Amino acid sequence: MTPQPDYQCDVLIVGSGAAGLSLALRLAPYYQVTVLSKAEVNEGSTLYAQGGIAAVFDETDSIESHAEDTLIAGAGLCDRDTVNFIARNARACVQWLIDRGVAFDKETQQNGEARYHLTREGGHSHRRILHSADATGRAVETTLVSQALSHPNIRILERTNAVDVILSDKIGLPGQRRVMGAWVWNRNRERVETCAARAVVLATGGAAKVYQYTTNPDVASGDGIAMAWRAGCRVANLEFNQFHPTCLFHPQAQNFLLTEALRGEGAWLLRPDGTRFMPDFDERAELAPRDIVARAIDHEMKRLGVDCMYLDISHQPPDFVRAHFPMIYEKLLTFGFDLTRQAIPVVPAAHYTCGGVMVDRHGCTDVNGLYAIGEVSYTGLHGANRMASNSLLECLVYGWSAAEDLLRRLPETAAPQTLPAWDESRVMMRMSA
Ligand SMILES: Cc1cc2nc3c(=O)[nH]c(=O)nc-3n(C[C@H](O)[C@H](O)[C@H](O)COP(=O)(O)OP(=O)(O)OC[C@H]3O[C@@H](n4cnc5c(N)ncnc54)[C@H](O)[C@@H]3O)c2cc1C
């Protein structure tokens with residue numbers, strides 16, 4: 001046992017993306033929260049999200065329609081109750097972000113009223129995606145980070161990896177164990193340290209980095225899934241990895257995504273000879289769910305023996321393209337492509353981990369006091385295939401529902417007094433094996 005943990009807090013949140021930081025901000029008025037981040041605080045998939053967040057904000061749309069589209073995209077493997085739960089709570093959670101200061105794009109109606117501009121993405125039967133131009137994740141992450149950094153009850157430890165969670169007992173069923181904190185790797189001091197907490201939340205994002213070609217940043221290496229599994233938690237649906245159909249094909253741009261909203265605003269997918277192919281695969285053509293589009297691209301690449309297909313929005317007015325996709329337009333120019341004038345070479349790449357750590361409606365795992373929220377978790381929302389813009393939403397809804405549960409339970413949860421010391425021989429054994 002270690003006499004004194006290196007860090008102590010009420011709730012330890014591993015991960016500083018949309019899931020981790022939205023939870024931290026909801027808990028901080030009441031409890032001391034420590035947030036770990038493997039790289040800089042803003043680095044994670046959230047920062048790179050382009051398209052937006054799905055929620056019903058239009059009177060011609062409905063929660064039932066949002067739920068139905070999600071169920072169809074998930075290929076019959078979604079959990080209907082979870083889907084309804086998230087669709088029902090979407091608007092309130094997006095409103096929470098708006099209240100924190102995230103500026104979603106607005107448009108002026110004919111009657112002069114300004115309303116949120118809702119874009120459309122694959123699988124959605126309505127326009128229901130709120131967005132900040134084509135850099136929604138940046139708007140969300142920078143807002144949450146700046147609020148978390150200035151909150152006196154939130155301590156952020158950057159470049160600090162959680163190595164494993166610490167359990168009250170290594171033997172017995174997971175439900176008989178309680179989490180007591182985590183071992184963390186302090187890169188600056190080059191040693192494993194202990195962090196004691198009354199609850200631990202894994203918000204570590206997905207695992208797409210296990211693939212060579214991915215749209216995800218390096219931190220998306222599945223650490224939370226591995227830690228939960230080692231602690232005895234059930235994991236589910238790990239075979240369902242979503243491939244994004246349109247990643248830029250360029251030797252210097254291994255993971256630059258071309259958002260689905262481009263197709264929502266009219267972009268076509270073309271063969272090298274300039275002919276469209278999506279109408280041959282699905283009646284929704286370019287707006288079919290992304291698994292169908294990714295498979296169609298892959299099919300055509302293999303059939304024709306070519307390296308890529310092409311995404312073309314050059315038939316839209318240049319001002320429209322630049323106004324809706326400013327970040328993508330600028331970035332493509334650095335690679336020598338003009339989005340307003342030419343078709344862009346694209347390939348599918350690993351994008352989203354649909355499965356993960358099994359949790360209940362509040363993000364609780366099989367181990368007492370251990371939660372998992374955001375992309376690391378398996379809630380039942382995505383089934384075999386995530387519908388576009390539902391994942392940031394899942395982060396926010398579970399950030400809220402986990403906070404509700406923690407606020408109920410923490411008053412009865414004592415802080416651990418002592419923690420088992422890190423056993424360095426585990427590492428040495430691996431190195432010598
Ligand atoms: C290019 C791109 C575009 C996308 N576009 C959209 C979109 O338009 N709409 C949408 O809904 N979704 C989109 N997604 C998916 C969405 O961005 C993610 O599912 C979501 O941001 C995940 O948030 P998160 O908080 O779960 O994890 P992340 O934002 O990935 O954050 C994970 C955090 O965990 C930390 N971490 C990981 N392991 C450890 C460890 N061992 N110790 C300490 N910290 C650790 C990381 O450092 C990071 O802080 C997109 C994803 C990508 C990659």
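By class, how many nonpolar, polar and charged residues does the shell around the ligand have? The count is 15 nonpolar, 21 polar and five charged residues (Ala, Val, Leu, Ile, Met, Phe, Trp, Tyr, Cys and Pro are nonpolar, Asp, Glu, Lys and Arg charged, and the others, Gly among them, polar).

Before you click on, know that this is a predicted model, where local features need pLDDT of at least 70, side-chain atom pairs count only at pLDDT 80 or more, and totals for chains, interfaces and linings use all residues. Numbering runs from 1 along each chain as its sequence is written, and side-chain values use heavy atoms, with hydrogens and water left out.

**Stop one: the ligand**

Select the ligand and the 41 residues around it; T46, G52, A162, E375 and S391 come nearest (near means a heavy atom within 4 Å). Now look for polar contacts (pairs of N or O atoms within 3.5 Å). From S16, a polar side-chain atom sits 2.9 Å from a ligand oxygen. At G52, pick the backbone: an N or O atom there is 2.8 Å from a ligand nitrogen. Over at S391, a side-chain N or O atom lies 2.7 Å from a nitrogen of the ligand.

**Stop two: the largest cavity**

Next, select Q50, G51, H117, T119, H131, A133, D134, T259, A261, E265, H324 and F325, which line the largest cavity (a set of points on a 1 Å grid over the protein atoms alone where a 1.4 Å probe fits but cannot get out; lining residues have an atom within 4 Å of a point). Its lining has three nonpolar, seven polar and two charged residues. Colour by domain: at least three lining residues come from each of domain 1 (7-240 + 354-432) and domain 2 (241-350), with bounds from an automatic or database domain assignment.

Note on methods: 1 Å grid on protein atoms, 1.4 Å probe; cavity = no way out; pocket = protein on both sides within 12 Å on 5 of 7 lines; lining within 4 Å. Polar contact = N/O pair within 3.5 Å; in protein donor to acceptor, adjacent residues only side chain to side chain.
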